[in-house]
Amino acid sequence: MRILFKNIKELLQVRDKNVSFVSGEAMKTLPTIKNAFLVVEDGLISDFGIMENCPQEDFSEVINVAGKMMLPSWCDSHTHLVYAGNRESEFVDKIKGLSYQEIAEKGGGILNSAKTLQETTEDALYEQSKTRLEAVMRMGTGAIEIKTGYGLTLESELKMLRVIKRLKQNYPIPIKATFLGAHAVPSEFKNNKHGYVRHLIKNMLPEIAQSNLADYIDVFCEKDYFSVEDMKHILHAGKQYGLKPKIHVNQFHSIGGVKVGVDFNALSVDHLEEMTEADIQSLKNTKTMPVALPGCSFFLGIPYTPARKMIDAGLPLALATDYNPGSSPSGNMNFVISTACIKMKLSPEEAINAATINGAYAMGLETQVGTITKGKLANLIVTKPINSYGFLPYSFGESQVERVYIKGQEFTFSNS
Ligand SMILES: N=CN[C@@H](CCC(=O)O)C(=O)O
Ligand SMILES: [Zn+2]
(Lines give C-alpha, C1' and ligand atoms only; values in the text may rest on other atoms or scores of the structure.)
(Ligands and ions follow the chains in the order given, each with its own letter.)
Protein backbone atom coordinates (compact mmCIF):
# COMPACT_ATOMS: atom_id res chain seq x y z
CA MET A 1 0.00 0.00 0.00
CA ARG A 2 1.73 3.18 -1.23
CA ILE A 3 0.06 6.55 -0.90
CA LEU A 4 1.32 9.79 -2.42
CA PHE A 5 0.44 13.23 -1.05
CA LYS A 6 1.33 15.80 -3.67
CA ASN A 7 1.42 19.58 -4.09
CA ILE A 8 1.74 20.12 -0.33
CA LYS A 9 1.93 23.90 0.08
CA GLU A 10 4.41 23.47 2.96
CA LEU A 11 5.50 20.32 4.76
CA LEU A 12 6.33 21.19 8.38
CA GLN A 13 8.71 19.67 10.92
CA VAL A 14 10.97 17.80 8.51
CA ARG A 15 13.83 16.25 10.53
CA ASP A 16 16.61 13.77 10.47
CA LYS A 17 15.97 10.75 12.67
CA ASN A 18 18.76 11.48 15.13
CA VAL A 19 17.07 14.62 16.53
CA SER A 20 15.02 13.50 19.53
CA PHE A 21 14.09 16.90 20.96
CA VAL A 22 14.95 20.58 20.52
CA SER A 23 16.02 23.08 23.19
CA GLY A 24 16.63 26.80 23.58
CA GLU A 25 17.68 28.57 20.36
CA ALA A 26 16.99 25.45 18.29
CA MET A 27 13.30 25.71 19.18
CA LYS A 28 13.11 28.86 17.06
CA THR A 29 13.63 26.83 13.89
CA LEU A 30 10.88 24.79 12.27
CA PRO A 31 12.38 23.01 9.26
CA THR A 32 9.97 22.90 6.33
CA ILE A 33 9.80 22.10 2.62
CA LYS A 34 7.64 24.27 0.39
CA ASN A 35 5.75 22.69 -2.54
CA ALA A 36 6.43 19.19 -1.34
CA PHE A 37 5.40 15.57 -1.79
CA LEU A 38 5.24 12.81 0.81
CA VAL A 39 5.00 9.05 0.33
CA VAL A 40 3.50 6.65 2.86
CA GLU A 41 4.25 2.96 2.62
CA ASP A 42 2.54 0.44 4.89
CA GLY A 43 1.66 3.12 7.40
CA LEU A 44 5.12 4.67 7.58
CA ILE A 45 6.63 7.78 6.02
CA SER A 46 8.91 6.37 3.32
CA ASP A 47 9.89 9.43 1.29
CA PHE A 48 9.36 13.18 0.94
CA GLY A 49 10.94 16.11 -0.85
CA ILE A 50 10.29 18.92 -3.30
CA MET A 51 7.65 18.40 -6.01
CA GLU A 52 10.32 18.51 -8.75
CA ASN A 53 11.54 15.16 -7.36
CA CYS A 54 8.09 13.63 -6.91
CA PRO A 55 8.15 9.93 -7.90
CA GLN A 56 6.14 9.10 -11.01
CA GLU A 57 5.41 5.39 -10.47
CA ASP A 58 1.97 3.92 -9.66
CA PHE A 59 0.54 4.49 -6.22
CA SER A 60 -2.44 2.84 -4.53
CA GLU A 61 -3.75 6.33 -3.88
CA VAL A 62 -2.73 9.86 -4.91
CA ILE A 63 -3.99 12.71 -2.73
CA ASN A 64 -3.68 16.24 -4.06
CA VAL A 65 -3.48 18.68 -1.14
CA ALA A 66 -2.78 21.85 -3.14
CA GLY A 67 -3.08 24.99 -1.01
CA LYS A 68 -2.85 23.01 2.23
CA MET A 69 -0.04 22.32 4.63
CA MET A 70 0.91 19.03 6.25
CA LEU A 71 2.57 18.40 9.58
CA PRO A 72 3.00 15.57 12.06
CA SER A 73 -0.06 15.16 14.25
CA TRP A 74 -0.02 16.73 17.70
CA CYS A 75 1.67 14.78 20.50
CA ASP A 76 -0.27 15.37 23.72
CA SER A 77 2.02 14.13 26.48
CA HIS A 78 -0.12 14.92 29.55
CA THR A 79 -3.82 14.07 29.85
CA HIS A 80 -6.32 12.62 32.30
CA LEU A 81 -8.72 11.78 29.47
CA VAL A 82 -10.15 8.70 31.21
CA TYR A 83 -12.59 10.15 33.74
CA ALA A 84 -16.22 9.74 34.67
CA GLY A 85 -18.83 12.47 34.41
CA ASN A 86 -17.55 15.99 34.69
CA ARG A 87 -17.25 18.78 37.27
CA GLU A 88 -19.45 21.45 35.71
CA SER A 89 -21.14 21.78 39.11
CA GLU A 90 -17.90 23.33 40.42
CA PHE A 91 -17.64 25.72 37.49
CA VAL A 92 -19.92 28.40 38.92
CA ASP A 93 -18.13 28.27 42.30
CA LYS A 94 -14.95 28.85 40.37
CA ILE A 95 -16.47 31.79 38.49
CA LYS A 96 -17.59 33.24 41.81
CA GLY A 97 -13.97 33.25 42.91
CA LEU A 98 -13.36 30.02 44.81
CA SER A 99 -9.84 28.71 44.24
CA TYR A 100 -8.93 25.19 43.14
CA GLN A 101 -7.92 24.44 46.74
CA GLU A 102 -11.14 25.90 48.19
CA ILE A 103 -13.27 23.84 45.83
CA ALA A 104 -11.36 20.71 46.89
CA GLU A 105 -11.94 21.60 50.57
CA LYS A 106 -15.70 21.84 49.87
CA GLY A 107 -15.71 18.19 48.72
CA GLY A 108 -15.12 18.97 45.06
CA GLY A 109 -11.91 18.42 43.15
CA ILE A 110 -10.09 15.17 42.53
CA LEU A 111 -11.99 13.29 45.27
CA ASN A 112 -15.27 14.28 43.65
CA SER A 113 -14.09 12.75 40.35
CA ALA A 114 -12.79 9.68 42.20
CA LYS A 115 -16.20 9.05 43.78
CA THR A 116 -17.93 9.33 40.41
CA LEU A 117 -15.40 7.05 38.75
CA GLN A 118 -15.66 4.42 41.46
CA GLU A 119 -19.43 4.35 40.91
CA THR A 120 -19.12 4.12 37.11
CA THR A 121 -18.92 0.74 35.38
CA GLU A 122 -15.86 -0.09 33.35
CA ASP A 123 -17.91 -0.20 30.14
CA ALA A 124 -19.47 3.20 30.80
CA LEU A 125 -16.04 4.64 31.60
CA TYR A 126 -14.72 3.23 28.34
CA GLU A 127 -17.60 4.71 26.35
CA GLN A 128 -17.11 8.18 27.87
CA SER A 129 -13.36 8.03 27.33
CA LYS A 130 -13.52 6.83 23.74
CA THR A 131 -15.80 9.74 22.86
CA ARG A 132 -13.15 12.12 24.21
CA LEU A 133 -10.33 10.30 22.46
CA GLU A 134 -12.12 10.49 19.12
CA ALA A 135 -12.81 14.18 19.66
CA VAL A 136 -9.14 14.98 20.27
CA MET A 137 -8.04 12.85 17.33
CA ARG A 138 -10.45 14.82 15.17
CA MET A 139 -8.61 17.96 16.33
CA GLY A 140 -5.27 16.53 15.23
CA THR A 141 -3.87 14.56 18.16
CA GLY A 142 -2.01 11.52 16.88
CA ALA A 143 -0.24 10.30 20.05
CA ILE A 144 -1.33 10.71 23.65
CA GLU A 145 -0.50 9.94 27.26
CA ILE A 146 -3.33 9.15 29.68
CA LYS A 147 -3.03 9.06 33.48
CA THR A 148 -4.95 7.19 36.15
CA GLY A 149 -5.50 8.97 39.47
CA TYR A 150 -9.29 9.16 39.65
CA GLY A 151 -9.51 5.63 41.03
CA LEU A 152 -7.48 5.98 44.22
CA THR A 153 -8.24 2.36 45.19
CA LEU A 154 -6.39 -0.56 43.68
CA GLU A 155 -9.56 -1.83 42.07
CA SER A 156 -10.51 1.50 40.48
CA GLU A 157 -6.97 2.37 39.41
CA LEU A 158 -6.83 -1.00 37.63
CA LYS A 159 -10.23 -0.25 36.09
CA MET A 160 -8.77 2.97 34.64
CA LEU A 161 -5.70 1.12 33.35
CA ARG A 162 -7.87 -1.53 31.68
CA VAL A 163 -9.88 1.23 30.00
CA ILE A 164 -6.63 2.76 28.71
CA LYS A 165 -5.62 -0.69 27.46
CA ARG A 166 -8.91 -1.00 25.55
CA LEU A 167 -8.28 2.40 23.99
CA LYS A 168 -4.78 1.23 23.01
CA GLN A 169 -6.26 -1.88 21.39
CA ASN A 170 -9.12 -0.16 19.59
CA TYR A 171 -7.49 3.03 18.32
CA PRO A 172 -4.51 3.15 15.98
CA ILE A 173 -2.53 5.96 17.66
CA PRO A 174 0.26 5.37 20.19
CA ILE A 175 -1.10 5.71 23.74
CA LYS A 176 1.00 5.67 26.92
CA ALA A 177 -0.48 4.89 30.34
CA THR A 178 0.73 6.53 33.54
CA PHE A 179 -0.11 5.30 37.05
CA LEU A 180 -1.04 8.31 39.21
CA GLY A 181 -2.19 6.63 42.42
CA ALA A 182 -0.64 9.59 44.30
CA HIS A 183 -3.05 12.14 42.83
CA ALA A 184 -4.88 12.91 46.08
CA VAL A 185 -5.30 11.27 49.48
CA PRO A 186 -8.55 9.26 49.28
CA SER A 187 -11.26 9.87 51.90
CA GLU A 188 -10.62 6.44 53.50
CA PHE A 189 -7.18 7.79 54.46
CA LYS A 190 -8.36 11.26 55.53
CA ASN A 191 -5.75 12.71 57.95
CA ASN A 192 -3.54 9.67 57.28
CA LYS A 193 -1.57 10.58 54.20
CA HIS A 194 1.42 8.51 55.31
CA GLY A 195 -0.85 5.51 55.68
CA TYR A 196 -1.98 6.00 52.07
CA VAL A 197 1.58 6.40 50.79
CA ARG A 198 2.52 3.16 52.59
CA HIS A 199 -0.56 1.41 51.19
CA LEU A 200 0.23 2.67 47.70
CA ILE A 201 3.81 1.41 47.87
CA LYS A 202 3.14 -1.90 49.63
CA ASN A 203 -0.22 -2.97 48.21
CA MET A 204 -1.11 -1.02 45.11
CA LEU A 205 2.17 -0.64 43.25
CA PRO A 206 3.09 -4.36 43.17
CA GLU A 207 -0.32 -5.19 41.66
CA ILE A 208 -0.11 -2.33 39.18
CA ALA A 209 3.34 -3.51 38.12
CA GLN A 210 2.15 -7.11 37.93
CA SER A 211 -0.71 -6.08 35.65
CA ASN A 212 1.80 -4.67 33.18
CA LEU A 213 -0.70 -1.97 32.25
CA ALA A 214 1.30 1.12 33.24
CA ASP A 215 4.15 2.61 31.24
CA TYR A 216 5.05 5.41 33.67
CA ILE A 217 4.50 6.57 37.26
CA ASP A 218 3.34 10.00 38.40
CA VAL A 219 2.92 11.89 41.70
CA PHE A 220 1.08 15.17 42.34
CA CYS A 221 3.87 16.83 44.34
CA GLU A 222 2.25 19.90 45.88
CA LYS A 223 1.40 21.49 49.25
CA ASP A 224 -1.65 19.71 50.72
CA TYR A 225 -1.17 16.78 48.31
CA PHE A 226 2.13 14.84 48.31
CA SER A 227 5.38 16.25 49.68
CA VAL A 228 8.79 15.96 48.08
CA GLU A 229 9.61 13.23 50.65
CA ASP A 230 6.42 11.31 49.75
CA MET A 231 7.34 11.60 46.10
CA LYS A 232 10.87 10.30 46.72
CA HIS A 233 9.47 7.18 48.43
CA ILE A 234 6.94 6.57 45.66
CA LEU A 235 9.38 7.14 42.80
CA HIS A 236 11.97 4.95 44.51
CA ALA A 237 9.40 2.16 44.80
CA GLY A 238 8.30 2.70 41.20
CA LYS A 239 11.89 2.39 40.06
CA GLN A 240 12.09 -1.13 41.53
CA TYR A 241 9.38 -2.06 39.04
CA GLY A 242 10.99 -0.25 36.14
CA LEU A 243 8.43 2.57 36.11
CA LYS A 244 9.96 5.83 34.90
CA PRO A 245 8.51 9.05 36.37
CA LYS A 246 6.47 11.75 34.65
CA ILE A 247 5.46 14.04 37.47
CA HIS A 248 3.13 16.90 38.46
CA VAL A 249 5.28 19.59 40.08
CA ASN A 250 5.22 23.34 40.78
CA GLN A 251 1.57 23.88 39.87
CA PHE A 252 0.96 26.19 42.83
CA HIS A 253 4.23 26.20 44.79
CA SER A 254 7.89 25.52 44.12
CA ILE A 255 8.77 23.02 46.86
CA GLY A 256 11.76 21.20 45.38
CA GLY A 257 9.99 18.64 43.20
CA VAL A 258 11.69 19.63 39.95
CA LYS A 259 15.20 18.81 41.18
CA VAL A 260 14.02 15.50 42.64
CA GLY A 261 12.35 14.65 39.34
CA VAL A 262 15.62 15.29 37.53
CA ASP A 263 17.51 13.20 40.12
CA PHE A 264 15.11 10.33 39.45
CA ASN A 265 15.63 10.71 35.70
CA ALA A 266 12.03 11.71 35.14
CA LEU A 267 11.06 11.65 31.49
CA SER A 268 9.13 14.86 32.12
CA VAL A 269 8.25 17.37 34.82
CA ASP A 270 4.87 18.91 34.16
CA HIS A 271 2.90 22.07 35.08
CA LEU A 272 5.75 24.38 36.25
CA GLU A 273 3.52 27.42 36.68
CA GLU A 274 5.73 28.48 39.62
CA MET A 275 9.42 28.28 38.74
CA THR A 276 12.39 29.60 40.69
CA GLU A 277 15.77 30.29 39.12
CA ALA A 278 17.05 27.16 40.91
CA ASP A 279 14.27 25.05 39.33
CA ILE A 280 15.27 26.31 35.88
CA GLN A 281 18.96 25.64 36.53
CA SER A 282 18.24 22.11 37.74
CA LEU A 283 16.71 21.22 34.36
CA LYS A 284 19.68 22.44 32.32
CA ASN A 285 21.56 19.83 30.30
CA THR A 286 19.37 16.98 31.52
CA LYS A 287 17.19 14.46 29.69
CA THR A 288 14.06 15.58 31.57
CA MET A 289 11.51 17.42 29.42
CA PRO A 290 9.70 20.39 31.04
CA VAL A 291 6.03 20.34 30.04
CA ALA A 292 3.75 23.39 30.15
CA LEU A 293 -0.05 23.10 30.32
CA PRO A 294 -1.46 26.49 29.31
CA GLY A 295 -5.05 25.20 29.18
CA CYS A 296 -4.86 24.69 32.94
CA SER A 297 -3.53 28.22 33.55
CA PHE A 298 -6.27 29.58 31.32
CA PHE A 299 -9.07 27.67 33.03
CA LEU A 300 -7.93 28.16 36.63
CA GLY A 301 -6.67 31.71 36.13
CA ILE A 302 -3.28 30.84 37.59
CA PRO A 303 0.10 32.00 36.22
CA TYR A 304 1.36 30.58 32.95
CA THR A 305 4.58 28.57 32.98
CA PRO A 306 7.42 31.06 32.39
CA ALA A 307 8.19 29.38 29.11
CA ARG A 308 9.89 32.37 27.51
CA LYS A 309 12.37 32.54 30.37
CA MET A 310 12.92 28.79 30.30
CA ILE A 311 13.56 28.59 26.55
CA ASP A 312 15.78 31.68 26.72
CA ALA A 313 17.77 29.87 29.42
CA GLY A 314 18.40 27.07 26.90
CA LEU A 315 15.78 24.57 28.08
CA PRO A 316 13.53 22.47 25.85
CA LEU A 317 9.76 22.70 26.35
CA ALA A 318 6.79 20.53 25.48
CA LEU A 319 3.16 21.63 25.42
CA ALA A 320 0.22 19.43 26.43
CA THR A 321 -3.48 19.83 27.21
CA ASP A 322 -3.77 18.34 30.73
CA TYR A 323 -7.28 17.30 29.56
CA ASN A 324 -9.17 16.65 32.82
CA PRO A 325 -12.51 17.55 34.43
CA GLY A 326 -11.12 19.87 37.10
CA SER A 327 -8.43 22.16 35.78
CA SER A 328 -8.53 21.83 31.99
CA PRO A 329 -11.70 20.34 30.51
CA SER A 330 -10.38 20.58 26.95
CA GLY A 331 -8.13 18.32 24.92
CA ASN A 332 -7.71 20.78 22.08
CA MET A 333 -4.02 21.04 21.15
CA ASN A 334 -4.83 23.81 18.66
CA PHE A 335 -5.99 25.97 21.55
CA VAL A 336 -2.86 25.01 23.51
CA ILE A 337 -0.50 26.24 20.80
CA SER A 338 -2.50 29.49 20.46
CA THR A 339 -2.39 30.08 24.21
CA ALA A 340 1.32 29.33 24.30
CA CYS A 341 1.93 32.01 21.68
CA ILE A 342 -0.51 34.58 23.01
CA LYS A 343 0.05 34.19 26.75
CA MET A 344 3.51 32.64 27.05
CA LYS A 345 5.06 34.57 24.15
CA LEU A 346 6.29 31.57 22.22
CA SER A 347 6.78 32.03 18.50
CA PRO A 348 4.69 29.77 16.21
CA GLU A 349 7.88 27.78 15.48
CA GLU A 350 8.53 27.22 19.20
CA ALA A 351 4.91 26.27 19.89
CA ILE A 352 4.78 23.77 17.01
CA ASN A 353 8.10 22.23 18.08
CA ALA A 354 6.79 21.98 21.65
CA ALA A 355 3.56 20.29 20.52
CA THR A 356 5.16 17.78 18.16
CA ILE A 357 8.80 16.67 18.49
CA ASN A 358 9.16 17.63 22.17
CA GLY A 359 5.75 16.21 23.07
CA ALA A 360 6.74 12.91 21.45
CA TYR A 361 9.93 12.84 23.53
CA ALA A 362 7.93 13.53 26.72
CA MET A 363 6.07 10.24 26.09
CA GLY A 364 9.11 8.21 25.04
CA LEU A 365 7.68 8.10 21.51
CA GLU A 366 10.36 10.12 19.74
CA THR A 367 11.34 7.27 17.42
CA GLN A 368 7.74 6.81 16.27
CA VAL A 369 6.02 10.20 15.97
CA GLY A 370 6.49 13.97 16.27
CA THR A 371 8.39 14.73 13.05
CA ILE A 372 8.28 14.11 9.32
CA THR A 373 11.06 11.57 9.22
CA LYS A 374 11.52 8.47 7.08
CA GLY A 375 10.47 5.39 9.04
CA LYS A 376 8.16 7.20 11.47
CA LEU A 377 4.41 6.57 11.62
CA ALA A 378 2.45 8.51 9.02
CA ASN A 379 0.30 10.22 11.66
CA LEU A 380 -0.36 13.44 9.85
CA ILE A 381 -2.46 16.58 9.82
CA VAL A 382 -3.67 18.13 6.56
CA THR A 383 -4.64 21.73 7.25
CA LYS A 384 -7.40 23.77 5.69
CA PRO A 385 -6.08 26.14 3.00
CA ILE A 386 -3.94 28.65 4.94
CA ASN A 387 -1.35 31.24 3.97
CA SER A 388 1.29 30.52 6.56
CA TYR A 389 1.74 28.11 9.47
CA GLY A 390 1.50 31.09 11.85
CA PHE A 391 -2.22 30.95 11.10
CA LEU A 392 -2.46 27.76 13.21
CA PRO A 393 -1.87 29.53 16.56
CA TYR A 394 -3.20 32.88 15.31
CA SER A 395 -6.74 31.63 14.68
CA PHE A 396 -7.31 30.82 18.35
CA GLY A 397 -10.43 28.90 19.30
CA GLU A 398 -10.62 27.41 15.81
CA SER A 399 -9.06 24.34 14.36
CA GLN A 400 -7.30 24.58 11.01
CA VAL A 401 -7.16 20.78 10.90
CA GLU A 402 -9.06 19.62 7.82
CA ARG A 403 -8.14 15.94 7.82
CA VAL A 404 -6.21 13.55 10.02
CA TYR A 405 -4.27 10.54 8.72
CA ILE A 406 -3.21 7.80 11.11
CA LYS A 407 -0.67 5.34 9.73
CA GLY A 408 -1.45 6.84 6.35
CA GLN A 409 -5.19 6.10 6.53
CA GLU A 410 -7.69 8.90 6.79
CA PHE A 411 -9.19 8.46 10.22
CA THR A 412 -12.96 8.22 10.16
CA PHE A 413 -14.84 8.35 13.39
CA SER A 414 -17.53 6.15 14.86
CA ASN A 415 -19.48 9.31 15.71
CA SER A 416 -20.24 8.15 19.22
N1 LIG B 1 -3.16 18.93 39.50
C2 LIG B 1 -3.38 17.76 39.48
N3 LIG B 1 -4.08 17.08 38.57
C4 LIG B 1 -4.83 17.67 37.50
C5 LIG B 1 -6.14 18.20 37.93
C6 LIG B 1 -7.02 17.15 38.46
C7 LIG B 1 -8.40 17.59 38.80
O8 LIG B 1 -8.61 18.69 39.28
O9 LIG B 1 -9.28 16.75 38.59
C10 LIG B 1 -3.98 18.67 36.80
O11 LIG B 1 -2.94 18.26 36.28
O12 LIG B 1 -4.28 19.87 36.74
ZN1 LIG C 1 -2.36 16.76 35.10
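**View 1. Contact between helices H12 and H13 in a predicted model.** In this predicted model, Met333, Val336, Ile337, Ala340 and Cys341 of H12 meet Pro348, Ala351, Ile352, Ala354 and Ala355 of H13, contact requiring C-beta atoms, placed from the backbone, to lie within 7 Å. By class, this contact of H12 with H13 has ten nonpolar, no polar and no charged residues, where Ala, Val, Leu, Ile, Met, Phe, Trp, Tyr, Cys and Pro count as nonpolar, Asp, Glu, Lys and Arg as charged, and the others, Gly among them, as polar. Helix H12 (residues 333-344) packs on helix H13 (residues 348-355) at an angle of about 140 degrees, and their axes are 9 Å apart. Local features need pLDDT of at least 70 and side-chain atom pairs pLDDT 80 or more, while totals for chains, interfaces and linings use all residues. Residues are numbered from 1 along each chain as its sequence is written, with chains lettered from A and ligands numbered from 1 in the order in which they are written.

View 2. Most residues other than glycine have a negative phi. Asp224, in the loop between strand S9 (216-221) and helix H7 (228-240), has a positive phi of about 75 degrees; Asn250, in the loop between strand S10 (244-249) and helix H8 (257-263), has one of about 60 degrees. Asn250 is buried, with 25 C-beta neighbours inside 10 Å, whereas Asp224 is partly exposed, with 14 other C-beta atoms within 10 Å (buried means 20 or more, exposed 12 or fewer, partly exposed in between).

Methods: Helices (H or I, at least four residues) and strands (E, at least two) are DSSP runs, numbered from the N terminus. Axes are lines fitted to C-alpha atoms, for helices over the stretch in contact, and angles run from 0 to 180 degrees between N-to-C directions. Two residues are in contact if their C-beta atoms, placed from the backbone, lie within 7 Å.
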